[in-house]
Amino acid sequence: MQKCSEFKPRFRGAYSDMHCCNHPAVPLDKLDASEQVVAYKSTGIDNVAAVWAKDHWGYSYYPTKVGVPHPKLRGDYTGEMVRLLHKEGIQAYGYFSLGFDNIGVITHPEWGAIDKLGRPIRVMLGPDKLRWYWVCFATPYRNYVIAHIKEIARRYDFDGLFIDINEAHHAEGFCYCDSCRKQIHSIYGVDIMKEDLPWEQIVDWWWNKLELQMMKEIRNAIKSIKPDMSVSANADSFLFGKEFMNLLDYTFRDFLYFETGFEQAMQLRSSGVKYYQVGFHSVPETYDPMPIDITRTVISGILAQGGLPAMYFEAEKADGSFETQNFPRLAKVFKEITQKREYLVEADAIRCLGLYFSWYSMHRPGHCHHLSNGLTGALRGATNCFVPAHVPLDIITSYNVTSQLLSEYDLIVLPECTNLSEREARQIREFVHKGGKLIATGQTGLFDDKWKQRTNFALADVFGLDFTDVDETYAINRTGAWIRCSSHEMFGEFQGNSLKTGPRTIKVKPIAGETIATFELPCLVETYDEFVCWGPPPPGRKTKRPALHLHKFGQGHCLYIAYDIFLHADKGCWWPKSLSVNILQWLLPGVPISVKGHKGLKCSFMRQPAQNRIVVHMINSTSIDLKSMCIPLGPTSICINSQYFPIKEAKEVFPRKRFLPLEKHGETMIVHTDVTDVHHIIVLDLY
Ligand SMILES: [Zn+2]
């Protein structure tokens, strides 16, 4: 047996999403591996992230003895792809659809996921649009999968196997099949047809018994045959637990939570899996190509965050041939990546500002499909508020957090982290006490990890406040209150302004610290007959209720905001974005490194320890903002605190190669440059 696989990262991926039905209109008579490999090679692709071994219909694209060969198949498409790709030096990753299998459910109805009324569960694209059948991992389908995976691992020298649709906890609801009923009854003593399974046991069943065990068995099956074949899944730490993510040699996601590659790759980085591939499927639309600069911006954003871009497309025609009209455009973009490669490998993100993703808050009762939970919106809102600050920014996943990891950050933001365990609260308290800065919002810490409501915030001593109540009196108005800003310098241009909030606010009682903004309440509660004008009723009553409260705790500072400001930002409110940058500048006057430049810029800050250098990526996102070509953003400065990073030399390495002068202002070193193109890479060599 050889050692466990070592994933070798490549930056020019392609992901062809090919699920061909067996319909007379889809003859597949021109499905040709050599045609596809020629197309990939001419585009500059260096890894094919999905070579078809089993699709959503349940069909295999090779003469399988375990599974179902596609009825239209002639020969061994899968094997030809692996052989030809490897001949061209292109990595080949096998694709296996785990969670959908139409043929499987039709021929073995007992394998299907079943709803409470006994109907097979299908994936819903919309109220009147259904797609494939979900299978249930509690059934003998599981054994079928393992035999199938083993056959694939034996037959083909894939560089890795990518497992898609891994969720046992799907959006369409819980499975009530006979296997689930029997097994749940024997483990938990509950008949799910008659009574509800307690939430903790649902979590245990779905995630620990079904999803996790399935992935463990798949990994073991692959590694028992090909120890060097890497294992991956379509997964991230928002939806999959620590043990699941630890089973992956690399991970993959498309744009599930964010609109652009920059943020989506940053989110995937928080998974704790070293390599993460981001499929940018919204960009290279085969029949509706976007302006090339948008594609360049998306790919550059993924690279800037240490991600591996993979072009996701549906380019298969009914006869199986490829529609390659969009490939030459992509070839131009992929060509650029070669010049950037040496600045991308073995790079770690510099830590400064961390947005805390709270696993327990996402996985709450009544929110079985977690994407519907407001937490995703709050986290996305916080991300979009702090990206324009141009400081090192991370999302940190709570289950990967240790006291040591927290201590590497200067500021932690808890965007509506409703559920915090005692351990998490202790770690965060310790972080602030030792000098860390904290921003917390709304109901953060009002529930524990078992979803039990606390009578007070878990971090009340850190906030300098006691919890009193959630105020929903004016929720019907949509604007529940206004924040009345004081003349505190943190408010900058908003000093003395009233700024609208969302529907509900939090009532708190100060224990220590300084209230720097109070709530102003609406003049009335809107009813069917009582309203003021077109919009929400205007402010009518000033209060002393704290809206923003500052508290010095130990060596650190905490700012508590008494409503869900980041979810509000995500829903389109303007002011939180500007105020967040002000708050950050006030709380962190001496950041280790930052960029002063246009708000249309997105910056990441990576460190390459082997070269003893910092790599600053500057992404000009105007093409995405304007939905057109990128426009130059003009003069930009990188400010480096020389106490953190002693800079020897600065140079631009992409798109131009030139040395940049260093300017010294006290402890701050400044590097002036200008952003004209989509992606600028500045290298700062350290002493
Ligand atoms: Zn089931």
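Author: Gladly; what follows is a conversation about a predicted model.

Reader: Why is helix 9 called largely enclosed?

Author: A residue is buried if 20 or more other C-beta atoms lie within 10 Å of its own. Twelve of the 13 residues of helix 9 are buried, so the rest of the structure largely encloses this helix. Among them are Asp293, Arg296, Val298 and Leu303.

Reader: How do you know what span to expect for helix 9?

Author: The expected span is 1.5 Å times one less than the number of residues. Helix 9 (residues 292-304) has 13 residues, for which 18 Å is expected, and the distance from its first C-alpha to its last is 18 Å, close to that value. Just after helix 9, Gly306 takes a positive phi of about 80°.

Reader: Which elements make the right-handed β-α-β unit?

Author: They are strand 1, helix 1 (residues 33-43) and strand 2. The crossover is right-handed because, with the strands pointing away from the viewer, the path over the helix runs clockwise. Strands 1 and 2 are parallel and joined by two bridges, with Gly13 partnered by Asn47 of strand 2. Strand 1 also pairs in the parallel sense with strand 12 (residues 308-313), over four bridges; there, Ala14 has Met311 as its bridge partner.

Reader: Which residues of strand 1 point which way?

Author: Gly13 and Tyr15 point one way, Ala14 and Ser16 the other, and all are buried. In a regular strand, side chains alternate between the two faces of the sheet.

Reader: What makes strand 25 and strand 31 edge strands?

Author: They belong to an open sheet of four strands in the order 25-28-32-31, with antiparallel pairing. Strand 25 (593-596) and strand 31 (662-665) each have a single partner strand, so one side of each lacks a neighbour in the sheet. From one strand to the next, the twist averages 30°.

Reader: How do you know that strand 28 and strand 32 pair?

Author: Pairing takes at least two bridges, and eight join strand 28 (residues 634-641) to strand 32 (residues 668-675), running antiparallel.

Methods:
Residues are numbered from 1 along each chain as its sequence is written. This is a predicted model: local features need pLDDT of at least 70, side-chain atom pairs count only at pLDDT 80 or more; totals for chains, interfaces and linings use all residues. Axes are lines fitted to C-alpha atoms, for helices over the stretch in contact, and angles run from 0 to 180 degrees between N-to-C directions.
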